[in-house]
Amino acid sequence: MTLTATNKVMSVGKKLLLATVLMLFMGACNKQLDIKSSRQADEQGHWDSYEDARSGLMGLYGLLRAALADNNAHWMWGELRNGDFLSVYRTDLKAVIDGKLNASFPTIEAATNWRRFYAVINASNLFIERVAGCKADQRYTESYYKLDVAQARAIRAFTYFYIARIWGDVPLITATKEGSFEELPRTNQNAVLSFAEQELVQVAPNLPFLYSGVDPAQIYPNNYYGYNSSQWLNAPVTRLAAYATLAHIAAWQGRYIDAAVYTEYIVNNASKSNLTLVSTTNLVTTLFNSGVNNNYNQLLGFSFNRNVGETTSEGHIEQLTLANTTLYPMSKPLPEIYVPKDSIASAFPRSNGGTDQRFGVDPASVQQTIYTNYFENYSAAVPVFKKIRVVDGNVGNAGQFAVFNSSIVFTRLEEIKLLRAEALAVLGQTDAAYQELNAVRGVRGLASVSPAPSRDLLTEIFAERRRELMGEGWRWYDLVRFNKLKRTNPAFNMLIDKGGIYWPIAQEVLNRNSKITQNAYWQ
Amino acid sequence: MVNAVVYPGYKPKLTDLIMKKRMILSATAQKLIVTALLFSFVGNANAQSDTTSTSSKSDTAIMSVTNGVKVETATAGFKEISFVPLRYVLKQPVISLQQIVKGNAAGVHVQEPSGEPGSEQNIFIRGISSPLLSKRELFDQQAAIFLNGIPLAQDNPFAYEIQKYDFNRIGPATNLLAAINPDNIESIEVIKDPLTLAALGPVATNGAIWITTKNAHSGYREIAVNSYYGYALKPSVTPVNAAYENSFRKPFYDRFGTLADRLNYPPYLRDSTNADYYGPANWGDKYYENAALYNLDLSLTGGSERANFRFFGSATKNASSADRTAINRYTGSFFINASPIKWLTVSSMLNYNRLERTRNRNIRDRLAEQRYIPDLTNPLTPNKNVYSSYLNEFDKVIDDNTSNVIQGYFALSANLNKFSYRGRIAFDYNEGIRDVFWPTTLLEKNNFVSNYFGYNQRMVVSNTASYQIDVNRRQKLMLEAGQNFMADTYKYDYAYAYNGPNDFVKINVVNGDPNAADYLLPAAFRVYYFPSKMRSALASFSGKATYSFDDVLKLHAVVSRDGSSNMQPDNRWTTNFSGGIEWDVKKHYGDALKDFNAFSVNASWARLGKLLNDDRFNAGAQYRVDMGWGNEPTLGSYAGIPGISRPYTSGWVGYGIPWAYSEQANLAVRMGFLNGNLKFGIDVYNREDKQMLLPVPVPTEWGYTGAYKSGLHVRNNGIDFTMFANILPEDKHELSWSVSANFNYNKNKLVALPGGLDELIIGNNKLVVGKRIDAFWLLKNFGNYKRQNQITVNPQTGVALNYRGVPITLGDPWWLDLNGDYRINDDDKLVTGNYLPKVTGGFSTTLAYKAFSLDMQFYTALGHQVLNQYASSRLDFINVEASNNINSVKEITFWEKKMDLSGYPMYNPWSSVVPYRLDQSLFLDNASFLKLRSITLSYELAKANSKNKSLRSCLFYITGTNLFTITSFKGDDPELVNYNGIYTGYGLPLSRTVIAGVRIEL
């Protein structure tokens, strides 16, 4: 050993020095290593400002819109099955139309997965639990807080109604329980719907008829989040939107007395939300467009506004229905789905009293011109359904660029009136029912109808719904309600009784939660 | 706060904005360069003054060149085993590092999914440690590349977040490792030894490729000139026209088609008199062309013992014979070393490369960037005339892809007897710029413009001090303490816009009058703008001790403390440790081992931390923009107001995420026989990667696609074998023959999943504990149903066999009902096969006679499979065409017969069970292959004319590459396969090239 004691001491000293230097370095380094991600907001310091509340609330709307728009599923669920549309060449859509909902196509598998809706529900639960923290920001007043929570609860209730309509029994979750990822079983559909109803009843008074609208009592925030009422239109959930959802929950459950009450409220207060019955021309030109001034008529809808960069290809029925016509050149030669001529003829019979402006022969014209408000290329084998046609905001060289700006409209005043007519008819208030029906017929150029021995009021109302709401994602649910009321179609009765009116649940959902069972009809 | 928020209309001057950013950034880069140059000049000044003083040869100190990072790697005397043999690639038209190492190093697997020059390629060392679920995971598995000790920064995959399709990353998507010119390389070593990797820190956990460039050195000035010129040759393909497709489809229509199906017969096949489709299929003349490729480089080295320099400059073009794709590379490198004082060495490097890529004209790649699917009913025609009018539209196209890659360092090395110090500041800055304009004629009367500017910047500061203690004459102890700090910045600005006023105005014109109502409002383009940035830092402190006994036995130990900014604050730091033993058996036993020239055994073990590539885990629970969906991923607002929510789509991130780590053990044996003419290297290894993060599926009722949980544990083990043999040594015979070979056998196994799960399903992957992580998950085909009674019926319920509820009928495939429940579903799918080869290897041989020599190189990968999506989508033509999505795009190569489809059974393509679905064993093909990569014939003038001393070397050669493939795979090339083993037929062929070149050293 050549190492001397002094060397040893020195080396120990060096080591200590080194260790000290290292410690100092480490301290400095920890600061260097504290780099926040610029691509996300951390939990810490979130939910303490006006902006956090606003972006959280908009997140809810965005998630819900995504759930409806993904794969154009809103129409797969509501419009296609047993509906008027046929698929030109898409085998997956054909399977939906034929009711083969367990067919093995990626789009159908996606449409049977309810995850996106539960993202809305989880986000709503989180918002309701946490947004109170934002009151730390002075700008986030109590009136903002109340209104935002009311919206979140209404969105959650609407979501529960929407999925209960598709899958029947669904798990009811009203707390976030973040990070637990418990497996929960399905809850009885009626319990889910009554939860949704209670919530809506509770929050409806907290929702305004118009956002940033005239509000002498100063209940609601004025200039809500910096938008005036003509910027908001009816984009957030209004009080009437909550009532519309209530009415549909009641109708879906067959509680038509409630449906009549809720719809009455809407009809009586429609003007407060600037809702009107629209002319046929406005129906096909402006109602569905997300970017039109003073278009308040989307009572409950989800917008894709071109001016703010929310243009998309998917999430619009146009993606499925539009194609080249002589009046409106597009590069796509054939649509993906179409209403065949026979169905058009049966839905819009010539002898319906008056002239149907949606589709019918113009009496004023000498050459028997056909109204093309709903359909173009009627003479071809595959007509084009163009009732909803908002291509690239309907500006510029529209038509050549197949991106769309129509809103997903859940309901509008005409729909509510027809629902009211349906409720009144079931309740035996025939005259009042006719009155509502004729109001809608009137704006479409049809003559009024009155009771006659050969006329079945309910059939008449549902026929009108079929015409008026074509392409808006109602057809399947209308068929269900109609057949529940009538029970004349044995095949449909079987579907109702065996739960076949509900969609199967995606294999992925079943794989991930052992407590979820497949709908009996699809087992 | 949060990216991916669309601010349409608020970024009025798209190009201006990007230009501005560029200037700022280039200013940053310039600063770096200036700093480095400044140091260089200081060194240079010293060099100048020294030249005069040292020319007297009074000072004979030999300067040790430093790059500031010293890694002891190769076992002495085993150069041929440790290093990648460069003699072959130096005579080949290779463009990327991946191509240089492919087949040339045991344990290195290179994926080259397309022959497009300069496109991205992957390097895995000793397998992969976690399943490749998407392109993002691919990034985590790549080997670390060190250029003169600088860990090179690569494009971060976070840009995929804003992409609808991940075929190509936004931006130039150029392979940044194409910036390395082989003529500038002194040596390449693949580092697999755990102990050495431990010294390199957590960046090197996946293994490292250590590139040492040629450096300045003293001596009489040396000039080297290398050049080649040649062609990528037009391949011979089988073009087909609509008649072929028609006759392919007809039997399906005859057997299964209904009248309605016939009425829907695709328009382009309907009319057999249409000469555009049914005419001559001569598109190949326009698509495949002989393409010139070349390289010219020059290097100049000189200086004295105390100061010297090296310059290297090159211009290279690599091209493919397909679709006029090419890459141009320009390089300029400077190296300066100076030793102002005897014990101090200052070294610096500046390496600049410019890469310009001419990309393919694939429709799919274009539409993927445009995020828009036009009507795809009518494909391009197989006819040359119509096709060339389409190609003419590309005259209006702007598609500029430029990458600037700059590396540099400034290093100090001081040697004071037993104490030495090395310090270095190094940077790697690479920027990608892509400007695109596609005219109205290419997209349904809409034009498209996009601009991308992005950079990856890495700054490394390291200091190492070491002290040697000579305990006695036989025993030595070397102690080393080091610090390393690495700061990365990844940034991109991406903007795109549609529908400009015409094909001539390509910028957004705005009104500049602040008083005008339309002040700065975009007049023509509606711009979608995505800025994003990510920063990360890694700090390490390490201590190393080496004890050496008589040079026979060496013991090593490394301990390091590493902290990463991508980890959560409470788990920021981790301690890694490693140890190893080197035993020189030959020296130990001396003459007792007569037959051996050398024999050493080296065993080492290390625990290495694994880095996360994304900063989104460092905060735990978080809020992000998540308003989009599969086909519209970038929506960021509702009614124009940005919204955020929990990361439902990208997955829940919780707290308490520990460092993932890798435990690696390696036993290396090196043996030399016959005066070093026969050498073997055998490495046996085991690698356990633990505590890795995985997005685990959770009940969908919480809204998340998955939750990130740690606990993934994957084992890789195998053997590397390298051999070198001088069968006829050069010095003894006029005829010489040498052979080198390398092989790797690797297998992986999933040992544990997070939360103790036994199996889990993520997308189309099923991970099962005990099985491979690169397996496919498929239904098992049994053949065809010939009679109705072959379709089994559940005797209990009377329900016939069904596929997820859809009854199986005649014309559907016979899938095995594994669990016998009369229902075919996910439970009947088998986890089978593997997409990474079990065996990879290469084999090279050189035969020389006098001044002539003949080199041959073979490359092989064995024991893996591919899933043939090409065949699946050709056969599933009904659904593929009907869905009109990105996978329905038909390229011009649709009219090329890439494989014979006649061997597949005939199913009903209209069936709801989707009989030609990809996830069945029908489409699992064996992809083993053996390739002759190159043959080179060369002639060494200096050898033939040995009297001329001034000419050190003058080598003429001709080389052919990609000459032939032996494989049972039926597609065009078993290598042109995606990272996850899916063969789509989209990859451009690996061109056969012929070059003639010369290498001169003066």
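**Close-up views of the predicted model**

**View 1. Interface of chain B and chain A.** In this predicted model, about 8500 Å² is buried between chain B and chain A. Carbon and sulfur atoms give 56% of that area. Chain B puts 97 residues into the contact, and chain A puts in 101 residues. The size of an interface is often given as the accessible area lost when the parts come together.

**View 2. Salt bridges across the interface of chain B and chain A.** The rule finds seven salt bridges between the two chains. A salt bridge joins A:Glu109 to B:Arg804. Their closest N and O atoms are 3.2 Å apart.

**View 3. Helices α8(A) and α10(A).** Helix α8 of chain A spans residues 189-203, and helix α10 of chain A spans residues 239-252. Their axes come within 10 Å and cross at roughly 155°. Angles over 145 degrees count as roughly antiparallel, so α8(A) is roughly antiparallel to α10(A). The crossing is left-handed. From α8(A), the contact uses A:Gln189, A:Leu193, A:Ala196, A:Glu197, A:Leu200 and A:Val201. From α10(A) come A:Ala242, A:Thr245, A:Leu246, A:Ile249 and A:Trp252. By class, this contact has eight nonpolar, two polar and one charged residues.

**View 4. Helices α17(A) and α18(A).** Helix α17 (residues 457-468) and helix α18 (residues 475-486), both of chain A, have axes that come within 10 Å. The axes cross at roughly 175°, and the two helices are therefore roughly antiparallel. A:Leu458, A:Thr459, A:Phe462, A:Arg465 and A:Arg466 represent α17(A) in the contact. They meet A:Arg475, A:Asp478, A:Arg481, A:Phe482, A:Leu485 and A:Lys486 of α18(A). Here the residues divide into four nonpolar, one polar and six charged.

Notes: Residues numbered from 1 in each chain as written. Chains lettered and ligands numbered in written order. Predicted model: local features only at pLDDT ≥ 70, side-chain atom pairs only at ≥ 80, totals over all residues. Heavy atoms only, no water. Axes fitted to C-alpha atoms, helices over the stretch in contact; angles between N-to-C directions. Helix = DSSP H or I, 4+ residues; strand = E, 2+ residues; numbered from the N terminus. Parallel < 35°, antiparallel > 145°, perpendicular 65-115°, else oblique. Left-handed = near helix turned anticlockwise from the far one by under 90°. Contact = heavy atoms within 4.5 Å. Nonpolar A, V, L, I, M, F, W, Y, C, P; charged D, E, K, R; others polar. Buried area = accessible area lost by both parts, 1.4 Å probe. Salt bridge = Lys/Arg side-chain N within 4 Å of Asp/Glu carboxyl O.
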